[in-house]
Amino acid sequence: MTEGSTESARTVLVVEDEPTINRAVTDRLRAEGFRAVQAHDGPAAVAAFEEHHPDLVVLDVMLPGFDGLEVCRRIQAVRPVPVLMLTARDEETDLLVGLGVGADDYMTKPFSMREVVARVRALLRRVDRAEALAASGGPTHLDAAGLVIDVRTRRVSVGGEVVHLTPLEFDLLCALATEPGTVRTREVLMREVWGWGDASGTRTLDSHVKALRAKIGADRVRTVHGVGYALEVGP
Ligand code: CA
């Protein structure tokens, strides 16, 4: 089964120092039609990024040389690229999202190869959608009680002050802003922002909502326990 030639031709850089995991991920991606290249430490990851121009990077956090956070910083400084970060624990995901590392999605070990492929595909689709939206002639401005979102330039300001969001935080904010004041369920948000919506993504969603609140103001995103989140449009 293929999902279109554009996607199959894409290059994924797999950065992981454990040889068995690196090999398993790489083999599976190749079997699914991707071009996959490997790196086993921080410096090699940055070099491979510059040499192969990958469309997406699967990135382990703990690496020899320098760690995945530093790799993420260095490659994102060269060119924005979607990053799927591999973490050892759920708590580590919270920490990294809070730090604003700039990864787009997080997957906690151990994971299945099927899950890696699903996440890679979803991330690539998300990037495509964001590009299409930016290029479309659709609505470009959303204004909700001092929170201004410019879809085309992907800029956000609160009370006139520019707020710097990661690409993923921006997409999450747009998904909430689709229906301001209305509860958007976890499943819908997961599907719209990450392209998939099973229970394993709950932690990722909650972590990113937390990070978004820290930037735009905690009271702008209301939690509806057990259901989802709503963007508050003010009194
Ligand atoms: Ca490692």
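Predicted model: local features only at pLDDT ≥ 70, side-chain atom pairs only at ≥ 80, totals over all residues.

Residues are numbered from 1 along each chain as its sequence is written, and side-chain values use heavy atoms, with hydrogens and water left out.

**Nonpolar cores**

- A nonpolar core is a set of buried Ala, Val, Leu, Ile, Met, Phe, Trp, Tyr and Cys residues joined through side-chain atoms within 4.5 Å; buried means under 20% relative accessible area, exposed over 50%, and partly exposed in between (1.4 Å probe, protein chains only).
- The largest nonpolar core has 27 residues, and Leu 173 and Ile 216 touch the most other members.
- Two or more residues each come from strand 7 (147-150), strand 8 (155-158), helix 7 (167-177), helix 8 (186-194), helix 9 (202-216) and strand 12 (228-231).
- Helices (H or I, at least four residues) and strands (E, at least two) are DSSP runs, numbered from the N terminus.
- With eight residues, helix 7 gives the most to this core.
- Leaving aside residues up to four places away in sequence, Ile 216 touches Leu 147, Val 158, Val 163, Leu 165, Leu 173, Val 221 and Leu 231 (contact means heavy atoms within 4.5 Å).
- Another core lies apart from it, with 26 residues that include Val 46, Ile 75, Met 85 and Val 97.

**Calcium site**

- Asp 17 (OD), Asp 60 (OD) and Met 62 (O) coordinate the calcium ion at 2.1 to 2.4 Å.
- Donors are N, O and S atoms within 2.8 Å of the metal (3.2 Å for Na, K and Ca); water is not among the atoms, so sites may look incomplete.
- Along the chain, the donors follow the spacing D-x42-D-x1-M.
- Asp 60 is buried at 4% relative accessible area, whereas Met 62 is exposed at 58%.

**Cysteines**

- The count of disulfides is zero, where a disulfide is a pair of cysteine sulfur atoms within 2.5 Å.
- Cys 72 is buried at 0% relative accessibility, and Cys 174 is buried at 15%.

- Two strands pair if DSSP finds at least two bridges between them.
- Strands 7 and 8 pair in the antiparallel sense over four bridges, with Leu 147 opposite Val 158.
- Four residues lie between these strands in their hairpin, where Arg 154 takes a positive phi near 55°.
- Strand 8 also pairs with strand 9 (residues 161-163), in the antiparallel sense over three bridges, and Ser 157 stands opposite Val 162.
- In that hairpin, two residues lie between the strands and Gly 159 takes a positive phi near 55°.
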